[in-house]
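Let's take a walk through a protein model together. Have the picture open while you read.

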Amino acid sequence: MDTDHLTYIAAPMVKQSDLPFRILVRRYGATMAYTQMLIPEKLLNDQEYLEHHIRDLTAASNEEKERPVVVQLCGHEPVPIVRAGRKLQAYCDGIDLNLGCPQEAAREGHFGAYLLGQKDWPVVQDIVPVSAKLRLCQPTPKTVELAQNLEACGASWITLHARTVSARRRRHGLADLSEVKRLKEHLKVPIISNGNVREYNDLQENLQFTGADGLMVGESLLGNPCLFADTVPDPMEISLEYLDICKQYAEVVPLTTIQTHIRHFIDFQCNRRPWFSKFRTALNATQSLEEVEKLLRVKVQRWRGRPPLFAHHHGTAEGEDNDDSDYSNSDESDKHVDIDMESAEDTFGLSFLH
């Protein structure tokens, strides 16, 4: 892996790291993107599941901005993880293991951050990781020891989300970037910092403080996929750009994923608008990509106090009812930007091993 690809990484996010979104963030500065976490047992035993994710990895094989892409796997049994990785290794640029998820499902399945205890270190080392993303071990000094063990096993880089397993939500405080700095001081392989990035200036401050070789961002990219490019796009324009990519790869992205991305894009700047709850209700009621697009081009524009956007022609959009009642809650100027995003750490705490 070229180390330049480690500079700005789009984190793996459950049901949100779809192909169109990966292409979108790569257009705006991400140097590498991850898939969502995949389940080894399903890749081995569910042919439809396997074929879907192979399509996700190959549908844009000629798209310059899709590669490199890294697949993430979860689990605690080396054999199925390795077998599943072999099924996908020809279609991606890396296979990674989740060593950071703090969620209840990870606890019940004994994977992710629940492999950070010393008793599970031999299991992790048996998988021979090429990269690893960690949360803080408990006690914290054990984090450096585990990372050094992974480096000795051949890990090419280490990513640290400097929170413990118990710190699942933003209210538990910021990531402790001093621990990322400590890791950088003790290891020779590249170190990637994950956490405390909400806007572009945070990127440089994070790198300067930690000395890290790159940054990984998760949740903040959902609201602003242009963060790495130091741009805050118009929420309508970025939504329509994402939909255009979805049209090209409709076979790999479900409507629920599209709806969630659009909600995040609009939420990022418009969640305090009087019409936002109405928008969410209308978005949830859509039953096709075309209906999502019409909602954006006609009604959302109307609620913003702006004229409809027409894709290919002028005049009344097909199916528009010309009912002006929705203007009562419109924003006359829509110039003020309200930003109320979660911190940009990878909420799902996902990890990376080859």
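Before going on, some ground rules. This is a predicted model, where local features need pLDDT of at least 70 and side-chain atom pairs count only at pLDDT 80 or more, while totals for chains, interfaces and linings use all residues. Residues are numbered from 1 along each chain as its sequence is written, and side-chain values use heavy atoms, with hydrogens and water left out.

**The whole chain**

The protein chain has 14 helices and eight strands; these are DSSP runs numbered from the N terminus, with helices (H or I) of at least four residues and strands (E) of at least two. Of its 354 residues, 55% count as buried, meaning under 20% relative accessible area with a 1.4 Å probe, protein chains only. Take the contacts (heavy atoms within 4.5 Å) with a separation of 6 or more: 71% of them join residues 24 or more positions apart.

**Two helix pairs**

Here are both pairs side by side. Axes are lines fitted to C-alpha atoms over the stretch in contact, and angles run from 0 to 180 degrees between N-to-C directions.

| Pair | Residues | Axes | Angle |
|---|---|---|---|
| H7 and H8 | 142-152 and 177-186 | within 10 Å | roughly 40° |
| H13 and H14 | 276-285 and 289-303 | 10 Å apart | about 165° |

H13 is therefore roughly antiparallel to H14, the word for angles over 145 degrees. Where they meet, H13 brings residues including Phe-279 and Leu-283, and H14 brings residues including Leu-295 and Trp-303. This contact divides into nine nonpolar, no polar and two charged residues. Nonpolar here covers Ala, Val, Leu, Ile, Met, Phe, Trp, Tyr, Cys and Pro; charged covers Asp, Glu, Lys and Arg; the others, Gly among them, are polar.

H7 and H8 are oblique to each other, and H7 passes H8 in a right-handed crossing. Thr-143, Val-144, Ala-147 and Gln-148 in H7 touch Arg-182, Leu-183 and His-186 in H8. That contact has three nonpolar, three polar and one charged residue.

**A loop residue**

Thr-31 sits in the loop between helix H1 (19-27) and strand S2 (32-38). Is Thr-31 buried or exposed? Buried, with a relative accessible area of 17%. Leaving out residues up to four places away in sequence, Thr-31 touches several others, among them Asp-4, Tyr-8 and Pro-68. Pro-68 is 37 residues from Thr-31 in sequence, but their C-alpha atoms are 8.0 Å apart in space.

Notes:
Buried means under 20% relative accessible area, exposed over 50%, partly exposed in between (1.4 Å probe, protein chains only). Angles under 35 degrees count as roughly parallel, over 145 as roughly antiparallel, 65 to 115 as roughly perpendicular and the rest as oblique. A crossing is left-handed if the near helix is turned anticlockwise from the far one by less than a right angle, and right-handed if clockwise.
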